[in-house]
Amino acid sequence: MAASSRDGLDLVVMTMAKTIVDNADYFAQLDSIVGDGDFGYSLRSGWEVVLADYDSWDKPTPGAALKKIGLTLAAKVGGVSGPMWGTAFLRAGATAGDKEELSPDDVIEMLRAAIAGIMARGGASLGDKTLLDALAPATDSLEASFKDPATHEDLGVAAIQSAADVAVKAAEDTKGMLAMRGRAAYTGDRSRDSVDAGATAIGVILQAVAAAWREQYGKQQES
């Protein structure tokens with residue numbers, strides 16, 4: 001990739017933070033249908049800190065940056081979201097290790113580690129109507145695109161957009177699923193009537209990341 005791993009990570013992190021903060025009301029509204037309605041606000045409380053402090057952190061490697069994000073989210077995000085999102089970033093950072101540059105294979109390994117961390121921390125599985133039901137298929141899509149020779153020269157633009165589209169579709173497909181985790185699980189069959197807030201958030205975030213990535217690196221590809 002023409003972009004350094006540091007620059008790419010900074011773009012992704014800042015885009016995630018801004019998107020989560022800007023959509024806090026929307027995510028909370030979705031969560032309030034069958035949950036306690038605090039999902040968006042809980043996430044915002046942690047990502048506002050990331051947004052404000054990220055540039056001042058000592059983060060010599062991508063892995064160090066991810067671990068710092070994980071610790072921040074675990075400390076600042078309330079409810080079950082703090083441990084889940086914190087664990088995801090800590091696992092991803094540990095997988096990145098001390099590498100200064102990350103390959104596509106590294107990125108997939110980091111995402112798989114994040115998914116495994118969420119599963120271990122919350123006891124959730126695919127099909128339980130959680131954010132995993134969008135994150136896992138998006139990761140599968142990203143891995144498939146990275147292996148496709150046709151996408152090797154576009155700096156990841158097409159791969160990330162495809163993953164974002166998969167995440168949105170997967171989030172929409174959580175409507176009709178029975179919630180097995182979190183507050184929504186206590187509502188029984190009523191949980192089938194709405195999409196999962198966490199899965200929807202993953203779709204929204206990845207669409208924003210895809211747009212930012214295209215804006216930054218799509219132009220490099222054309223030049």
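Student: What is the handedness of the crossing of α5 and α6?
Tutor: The crossing of α5 and α6 is right-handed. A crossing is right-handed if the near helix is turned clockwise from the far one by less than a right angle, and left-handed if anticlockwise. Helices here are DSSP runs (H or I, at least four residues), numbered from the N terminus, and strands are E runs of at least two. This is a predicted model, in which local features need pLDDT of at least 70 and side-chain atom pairs count only at pLDDT 80 or more, while totals for chains, interfaces and linings use all residues. Residues are numbered from 1 along each chain as its sequence is written, and side-chain values use heavy atoms, with hydrogens and water left out.

Student: At what angle do the axes of α5 and α6 cross?
Tutor: At roughly 140 degrees, and the axes come within 7 Å. Helix α5 covers residues 81–96 and helix α6 covers residues 104–122. Axes are lines fitted to C-alpha atoms, for helices over the stretch in contact, and angles run from 0 to 180 degrees between N-to-C directions.

Student: Which residues of α5 and α6 meet?
Tutor: From α5, the list includes P83, M84, T87 and R91. On the α6 side, E109, M110, I118 and R121 are among them. Contact means heavy atoms within 4.5 Å. By class, the contact has 11 nonpolar, 4 polar and 3 charged residues. Ala, Val, Leu, Ile, Met, Phe, Trp, Tyr, Cys and Pro count as nonpolar, Asp, Glu, Lys and Arg as charged, and the others, Gly among them, as polar.

Student: And α1 with α3, what is the handedness there?
Tutor: α1 passes α3 in a left-handed crossing. The axes of α1 (residues 5–22) and α3 (residues 39–53) come within 9 Å and cross at roughly 140 degrees. That makes α1 oblique to α3. Angles under 35 degrees count as roughly parallel, over 145 as roughly antiparallel, 65 to 115 as roughly perpendicular and the rest as oblique.

Student: What classes of residue are in the contact of α1 with α3?
Tutor: It divides into 10 nonpolar, no polar and 3 charged residues. V13, M14 and K18 of α1 are among those that meet α3, where the partners include R44, W47 and E48.

Student: Zooming out, how many helices and strands does the protein have?
Tutor: It has 9 helices and 0 strands.

Student: What share of the residues is buried?
Tutor: Of the 223 residues, 48% count as buried. Buried means under 20% relative accessible area, exposed over 50%, and partly exposed in between (1.4 Å probe, protein chains only).

Student: Now T174. Where is it?
Tutor: T174 is in the loop between α8 (157–172) and α9 (197–222). T174 is buried, with a relative accessible area of 0%. Leaving aside neighbours within four places in sequence, T174 is in contact with K129, D133, S194, V195, D196 and A199.

Student: Is K129 buried or exposed?
Tutor: K129 counts as buried, at 5% relative accessibility. K129 lies in the loop between α6 and α7 (132–146). Phi of K129 is near 65 degrees, a positive value in a residue other than glycine.

Student: Last one, L90. What does it touch?
Tutor: Not counting residues up to four places away in sequence, L90 touches L66, K67, G70 and L71. L90 is in helix α5 and counts as partly exposed, at 31% relative accessibility.
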